[in-house]
Amino acid sequence: MKRDIRIRGWVEAVAAAISAALFLLTLAWPAWIEALFGVDPDEHSGALEWAVVALAVCATILLSLLARAEWHRARTPRTP
């Protein structure tokens with residue numbers, strides 16, 4: 001059985017993986033934002049890091065559910 005997964009499903013799956021990686025990176029190394037960009041917008045309070053974690057986990061869940069729905073759509077047989 002060949003799956004007919006649209007590009008949308010692949011984009012959602014890749015975006016979910018990227019947001020999950022961002023979530024894990026921020027949990028493991030909270031100061032990566034300051035190290036990469038050379039700025040400290042929250043003045044070491046950690047608020048920006050927790051906002052990134054919250055947004056990334058929400059995006060990961062949403063995009064994973066969308067990609068899962070696309071995968072299931074491709075699995076169901078089409079009736080003429």
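User: Quick one to start: where do Glu 70 and Arg 73 lie, and how many residues apart are they?

Analyst: Both residues sit in helix 3, 3 residues apart, which is about one turn of the helix; a helix here is a DSSP run of H or I with at least four residues, numbered from the N terminus. Please keep in mind that this is a predicted model, in which local features need pLDDT of at least 70, side-chain atom pairs count only at pLDDT 80 or more, and totals for chains, interfaces and linings use all residues. Residues are numbered from 1 along each chain as its sequence is written, and side-chain values use heavy atoms, with hydrogens and water left out.

User: OK, and what do Glu 70 and Arg 73 form?

Analyst: They form a salt bridge, with the closest N and O atoms 2.9 Å apart; the term stands for a side-chain nitrogen of Lys or Arg within 4 Å of a carboxyl oxygen of Asp or Glu. Through salt bridges that share partners, Arg 6, Glu 70 and Arg 73 are joined into one network.

User: Where does Arg 6 come in, and which part of the chain is it from?

Analyst: The side chain of Arg 6 meets that of Glu 70 in a salt bridge at 2.8 Å, N to O. This pair links distant parts of the chain, since Arg 6 is in the segment before helix 1 while Glu 70 is in helix 3, 64 residues apart.

User: Is Glu 70 buried or exposed?

Analyst: Glu 70 is buried, with a relative accessible area of 5%, where buried means under 20%, exposed means over 50% and partly exposed lies in between, using a 1.4 Å probe and protein chains only.

User: How many salt bridges does the structure hold?

Analyst: It holds 3, and one of them joins the side chains of Glu 12 and Arg 8 at 3.0 Å, N to O.

User: What is Glu 12 in contact with?

Analyst: Leaving aside neighbours within four places in sequence, Glu 12 is in contact (heavy atoms within 4.5 Å) with Leu 63, Leu 66, Ala 67 and Glu 70. Glu 12 itself is buried, at 7% relative accessibility.

User: Which other residues of helix 1 are buried?

Analyst: Besides Glu 12, the buried residues of helix 1 are Gly 9, Ala 16, Ser 19 and Thr 26. Seen down the helix axis, the buried residues of helix 1 fall within an arc of 120°, so they line one face; the arc is taken from the directions from the axis to the C-beta atoms. They pack against helix 2 (32–37) and helix 3 (47–75).

User: And what does the face turned away from that buried side carry?

Analyst: That face of helix 1 carries the exposed residues Ile 7, Trp 10, Val 11, Ile 18, Leu 24 and Ala 28.

How values were computed:
Helix = DSSP H or I, 4+ residues; strand = E, 2+ residues; numbered from the N terminus.
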